[in-house]
Amino acid sequence: AECVSGCVCPEGLFDDGKGGCVEEKDCPCSHNNQQYSPGEKITVDCNTCTCQKGDWSCTKDVCYGTCMIYGSGHYITFDGKFYDFDGSCEYVATQDFCGDTNSSGSFSIITENVPCGTTGVTCSKAIKIFLGVNYKEIQRHTGDDVQYWNRTVGLYLVIEASNGVMLIWDKKTTVFIKLTPDYKGKVCGLCGNFDDKSNNDFTTRSGLQETNALKFGNSWKQSSMCPDVTEEIKPCDVKPHRKSWAEKECSIIQSEVFTICHSKVDPTPFYEACVHDACSCDSGGDCECFCSAVAAYAQECTKAQACVFWRTPDIC
């Protein structure tokens, strides 16, 4: 917030928010309920913001939008909407074949979801990327007019295409889809429409606004032969003996380990998703599901400039 004249400050001085009076050039800036001194810098998305006279001055670099699909059917859209959908079928994650212009588009990304565990939740088994006239498939253990490149970065496989589409996969159950701002408002699918508004992300294939995640998700299935999802699956109710273990393990997300991040990224939906996954992974891969869920929160923290070193020899 900008510095504003305080009723107790002499003319020409400004309230510093701490009961003192300063010159305009010394006004602090606020971000996520934290105060920053003049000259201090923060990173917002891919841009750097500098505190100047109580206001932020930011660079205007082009930033990718990101959609995340992870664990047992968890989605975070390009516009930041967090929801769960456990459909067993192939679904459109995102594409630029939308509305009445279905004949024109440059890409489509399909997620193939299959049951994981015995509770009925689903995980993404494969991601298919259609670029121009060809496609590349990423499976757990492009076209002539669109070029693409593969590379490995740390734990991740990265596919980057010349049309501004990037896909990052951890080789387990987490996929990040990144798009340049050129696609804002021009895409559709489970990842939403990328128009900086999360309240309209549940737009169905027919263009209707939906409030129910299940009806929205069902509309994006690729085959009418797949059954619709009719009820939300709650694995901790199905496997109650796993609930206390899941809550204990996942409590790391709400613990002091992540304190630096709590004011920047709400831990609640990530904790609930972690418990959901830890309950549902009952046929092997218990730790993998738990670790992927915590890593998803850590990734969002890193994006918000709260880097947390949470892995230990005993944890993941």
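Two strands are said to pair when DSSP finds at least two bridges between them, and the strands in these close-up views are runs that DSSP assigns, numbered from the N terminus. The structure shown here is a predicted model.

**View 1. Strand β17 and the two hairpins it takes part in.** With β18 (residues 174-179), strand β17 pairs in the antiparallel sense over 5 bridges, and these two strands form a hairpin that has 4 residues between them, with K171 in the turn showing a positive phi of about 70°. Strand β16 (residues 156-161) also pairs with β17 in the antiparallel sense, here over 4 bridges, and in the hairpin of β16 and β17, where 3 residues lie between the strands, G164 takes a positive phi near 90°.

**View 2. The side chains of strand β17.** When the residues of β17 are followed in turn, V165, L167 and W169 point one way, whereas M166 and I168 point the other way, and all are buried. A residue counts as buried when its relative accessible area is under 20%; 5 of the 5 residues of β17 (residues 165-169) are buried, so this strand is largely enclosed by the rest of the structure.

**View 3. The open sheet of 7 strands.** Strands of a sheet pair through backbone hydrogen bonds, either parallel or antiparallel. In this sheet the pairing is antiparallel, and the strands follow one another in the order β10-β9-β8-β18-β17-β16-β15. At the edges stand β10 (82-84) and β15 (148-153), each with a single partner strand, so that one side of each is left without a neighbour in the sheet. From one strand to the next, the twist averages 15°.

**View 4. Two of the disulfides, C49 with C58 and C67 with C191.** The structure holds 10 disulfides, among them the link between C49 and C58, whose sulfur atoms are 2.0 Å apart. This link of C49 and C58 is right-handed, with 110° about the S-S bond; C49 is buried, with a relative accessible area of 4%, whereas C58 is partly exposed, with a relative accessible area of 34%. A disulfide also joins C67 to C191, with 2.0 Å from S to S, and with -75° about the S-S bond that link is left-handed. Both C67 and C191 are buried, with a relative accessible area of 0% for C67 and likewise 0% for C191.

**View 5. The disulfide of C236 and C279, and a cysteine that is in no disulfide, C307.** The sulfur atoms of C236 and C279 are 2.0 Å apart, and the torsion about their S-S bond is about 95°, so the disulfide is right-handed. Because C236 lies in helix α2 (residues 235-238) and C279 in helix α5 (residues 268-280), the pair ties together parts that are 43 residues apart in sequence. Both C236 and C279 are buried. C307, by contrast, is in no disulfide, and the nearest cysteine sulfur, which belongs to C301, is 9.3 Å away; C307 is partly exposed, with a relative accessible area of 48%.

**View 6. The largest pocket and its lining.** About 1,200 Å³ of space lies in this pocket, and its lining is made up of 36 residues, of which V44, D45, E300, K303 and A304 lie nearest the centre. The elements that give two or more residues to this lining are β5 (41-44), β8 (65-70) and α6 (286-303), and α6 gives the most, with 4 residues. By kind, the lining residues of the largest pocket divide into 15 nonpolar, 11 polar and 10 charged.

**View 7. The second largest pocket and its lining.** The volume of this pocket is about 330 Å³, and 18 residues line it, with D84, E232, E272, A273 and H276 lying nearest its centre. At least two residues of the lining come from each of β10, α2, α3 (243-250) and α5, and the largest share, 6 residues, comes from α5. The lining of the second largest pocket divides into 9 nonpolar, 2 polar and 7 charged residues.

Conventions:
Residues numbered from 1 in each chain as written. Predicted model: local features only at pLDDT ≥ 70, side-chain atom pairs only at ≥ 80, totals over all residues. Heavy atoms only, no water. Buried < 20%, exposed > 50% of the residue type's maximum accessible area, 1.4 Å probe, protein only. Axes fitted to C-alpha atoms, helices over the stretch in contact; angles between N-to-C directions. Disulfide = S-S within 2.5 Å. 1 Å grid on protein atoms, 1.4 Å probe; cavity = no way out; pocket = protein on both sides within 12 Å on 5 of 7 lines; lining within 4 Å. Points joined across faces, edges and corners; volume = space filled by probe spheres on them. Nonpolar A, V, L, I, M, F, W, Y, C, P; charged D, E, K, R; others polar.
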